[in-house]
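Hi,

Here is the structure I promised to pass on to you. My notes on the backbone and the aromatic rings follow below.

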Amino acid sequence: MKAKVAMISGPALGHVVRLRSIADILINLDVEVEFFVPKMSILTKKVLNDYVVHNFDVEGEDKAVIFGMGVNEKLIKCDFSLIIYDANPMLWLLYIDTLCLPTICVTNVFLTKVSSNFKIVQDDFFLNNKVTINIQRQALGLSPLKTARDIYEASLTLLADPKPVVEHVCSLLPNSYKQVGECSLSFDAEELLCSQDKLNNILLLSMGSTGPGDIDEKFFINLFNTVKADTVVYVGNKIDYYKNKLKIEHCYTFIPLEKIYKQVKLIVTQGGVGSTYQALKNGLPIIVCHEHQNQNILGLILSDLGCAFNYDKNNIDNIFTSERINIMRNNAVSISHSMSLDNGPVTAASLILELLSKKMISFPITSSKYNNENAAQDVDVVFHIGLHKTGTTWLQKGLFIEHPDLLLLNSSSQPWNCPLISLLVGENERGYKHKKADRALSELININGSQTRGKVNVISAERLSGHPYSGGFDTFLIAKRIKKLCPDAKIIIGLRNPKDIIVSIFKQMVSEGFVGNFDTFIATKAWKRPFFDLSYLEYHHIVFLYRRLFGSENVKVVFYETLRDSPQNYIDDICNFLKVVSFTPKNIIKAVNSSSKFDINKQYAINMTRLSEFNQHPLPINTPPSIIQDALKSLSLIDFTVNLDSIDWSHVDRSCSILFNELGMSNPYS
């Protein structure tokens, strides 16, 4: 199967170009690439013209959240093998769920944890917004961040820096860090707005989109005279100032600079890695006029290496001599020779292919994974995750317990007492440790001992799909935990007509102590905890999520209606999926057709005096009969009718259409 890679980039041209340079190599190696960007400029559109681009065009205060949610939805549905990102993590990567996929971060060494002695812009941003960021991440099922640099940590971190820069910052890199070298593109020759013949002895101001809006006039004149420039060229977004104030004739938003580097005597950059490393690659001395701290850091590093000067507009001693510039030029030429040995995009693509090849190899789940000598046999694990009210109990007792080739590892009557299931659904992110779940699974296998040999081992609990009463708020979180625990597991998901399941869920909540009517159940939005949300019934989200994590071939979707109308076909379908012999449970007819009467009014009366999760303040047992009688009278005035027509089903209907279209089936719930 052809590998497909998602490349997530920030909107700045430098990030886009860097990823595009790697993508061009991957495409030639038969890897599919799709880009995700928060918004696109005219230049970005031009650079990514040949690629599939998911542009979210986000603006406003919530743009990072909107972008993250949009990317997450695409990642769930599309079958990507790997995620590569190059973007400001404190803005564009905060709310992206990588779904346990391998990740590669393309970045610069001075932004990562190996250079924590430098304080970067993202550190301050995170410090000022840590609480809000982690609350929003938790709402999306993402783990909290401890530092701004956590997001730079990936399966593999590629440092797109020259070797001398990396070595200056860190003498020994972690195993997951690789220096690949500068990554850039050579654009096709375009007509400049002036004749190249006139552009000699150039003082080049390459400021990009983030460069300063002004430069001290005295400093500029001194620099122009010292380098003995004939021409000044400005490239960036602040054309008005440089054209009108500094009287620079040649001002452009963009030109292919590689066409004029040979005529450049010195370059002034804003400290962006794109233009700055390009200057180094061409052996040019550099003045860094930084606008923010990250650009200042690069300026300081290059100053230490002797190839640049870090301009400080508050320092009146920004005076240059030709001797100083010659020293900077000589050091830049030396670094240029080192950079000529690197081919950043090719090296990056090679490392990406290596990671892809590891990811695409399928390994069986064996007990050795759990480091336990007492369970040396291979163990196949299947997770049946519900949903609620889709015949889960019967499936556990009828098929999973009775079938001779299947072994239900957990209790069917009290799955909440299973240590593994309790960890997967009950442990918050602050306390959850994968090793604890790993150990719990190992113990579960050991408890069943030799029974697991040669059998398909099943873990079944509808709570693994999230709980309807809380709107399935932790569905994604549990899925990712299962993926990390058993990356090659098989998954069974049961569905039911949304309009039937919501009635069944409501009755179940009432039987467990809920004291509101149907309209209250549907409309309640709690501040302190999640409550029911109709999106729980948008089935395509959970199905696409599991198909995305485990592969379509390892996820089986079954339907309650098939169990009800054709139970043997339902069982055969599951048996075929699990590659076990067909089977007919003893109680197949009785179990499927059994039903119980439910007096909702009587149950409400019981709930009034019953302490439950849903009613923390019931009427005391010693409440005078007259008060209870009055309460029952008021209860009789409440409309307990389940009115399905009061619900806007449009989103649920759309979800079912998307799902069944993906499954290649006609929609039975339309």
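This is a predicted model, in which local features need pLDDT of at least 70, side-chain atom pairs count only at pLDDT 80 or more, and totals for chains, interfaces and linings use all residues. Numbering starts from 1 along each chain as its sequence is written, and side-chain values use heavy atoms, with hydrogens and water left out.

Backbone first. Most residues other than glycine have a negative phi, and most peptide bonds are trans. D57, in the loop between β3 (52–55) and α3 (63–77), has a positive phi near 45°. K579 also has a positive phi, near 60°, and sits in the loop between α21 (567–578) and α22 (588–593). (Helices are DSSP runs of H or I with at least four residues, strands runs of E with at least two, numbered from the N terminus.) The peptide bond from G386 to L387 is cis, with omega near 20°.

Now the rings. There are 14 aromatic pairs in the structure (Phe, Tyr or Trp rings, the six-membered one for Trp, with centres within 6.5 Å; planes under 30 degrees apart are stacked, over 60 edge-to-face, the rest tilted). One of them, F506 with F518, is edge-to-face at 5.3 Å centre to centre and 80° between the planes. F506 belongs to helix α17 (residues 498–511) and F518 to helix α18 (residues 518–523), so this pair ties together parts twelve residues apart in sequence. Ring pairs also link F506, F518, F521 and F532 into a cluster.

Best wishes
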